[in-house]
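User: I am new to this structure and would like to learn how to read its features one at a time. Could you begin with the general idea and then turn to the case at hand?

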Amino acid sequence: MTKLRPVCILGNGLIGGSLMRDLAAHNHPTFGYTHSNAGARQAAADGFDVIVDLEAVLRRAEDLGALIVIAVPFDVVAEMLDAIAQWAPSCGITDVVSVKAPVYALVHERGMLERYVGGHPMAGTEASGWAASQTGLFARAAWVVTYDYAVECSEGSERLPQEWADLFADVCRMVALVGAEAVPVSAEAHDEAVARVSHLPHVMAEALSIVGDHGYTLAQSLAAGSFKGATRVAGTQPSLVRNMCETNAEPLVKVLDEYIDLLVRAREGLASENPTMEWLAESGYRAHVRMNARSGARRESVSPVAISSRPVMRVHPGGPGWVKQLKQIESLGGRVEVF
């Protein structure tokens, strides 16, 4: 297998820091940048190569031909891209931002699509910062890897550069090295899906926390597992929640409307002469079983049409028909491995 290039991580919060820890645990060359002096000191005290000089870090990445991982909130992504363009003009780029279409647009505006493969690990906690980072955070997690540029090239007259295919392969290798599973997804499909399973839960948790708090001391003393589990992500820093949800507002509003319709239907049933929520309870239970079956299925299947609901397809980036293979595995919600 081709050796993964060194990795330069911009941002050492929960995701960037955990990625650095996992790569270092495998003795892979990894270094990074943080804007926080305290964060850099903490990382250095733990034995990691993190500094606050962005120019120096990017010049080093350029010298090493490193893979750059943007691990900052969306509102800082444009600044990072401009710095990369100035000080690391030939490095490949990926990111871990929770929205993909807006990041793709920023990359496109700067003419950097040939150097960019989007990413988003579906893992995390409500905590933030270097102190929250941990080894093993990504074990068996789905890690979205976007391929919109390859589709645009295959459907147009532009030839897909082999360098981009090599970058896609490297991102997948990095994902595999930290124990995650690469999932090929287009940017728009990703944003609609995470609106349902990641961003909407944040809206729900915030609202549920407020409703529970309105019960004052008694409700607080009686709150148990179901409430605490449903509101866990409300403990996320408000700025991170806003950044996540506001940048994905259009897809989120659509699924929020869908959720509100279900709540209205439940309310109507409970407010009827014979209170009932049979439909919601039965339908929700069946949906929960399907979701659990999918997330808990075996990974070992190598066939794209296997019985397993989490199939794995092995592709050769740049090889004949490989973009069509990515489309196929995306349609199945499957995983991709490169060779």
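Analyst: A residue is called buried under 20% relative accessible area, exposed over 50%, and partly exposed in between, using a 1.4 Å probe and protein chains only. This is a predicted model, in which local features need pLDDT of at least 70, side-chain atom pairs count only at pLDDT 80 or more, and totals for chains, interfaces and linings use all residues. Residues are numbered from 1 along each chain as its sequence is written, and side-chain values use heavy atoms, leaving out hydrogens and water.

User: Is alanine 182 buried or exposed?

Analyst: Alanine 182 counts as buried because its relative accessible area is 4%. Alanine 182 lies in strand E8 (residues 181-184), where strands (E, at least two residues) and helices (H or I, at least four) are DSSP runs numbered from the N terminus.

User: Which residues does alanine 182 touch?

Analyst: Contact means heavy atoms within 4.5 Å. Not counting residues up to four places away in sequence, alanine 182 touches Trp143, Val145, Cys172, Val175, Gly334, Arg335 and Val336. Among these, Cys172 and Val175 are also listed as buried residues of H7.

User: How far apart are the end C-alpha atoms of helix H7?

Analyst: The expected span of a helix is 1.5 Å times one less than its number of residues. For the 16 residues of H7 (residues 162-177) that gives 22 Å, and the end C-alpha atoms are 22 Å apart, which agrees. Just after H7, glycine 179 adopts a positive phi of about 85°.

User: Is methionine 122 buried or partly exposed?

Analyst: Methionine 122 is partly exposed, because its relative accessibility is 31%, and it sits in the loop between strand E6 (119-121) and strand E7 (142-145).
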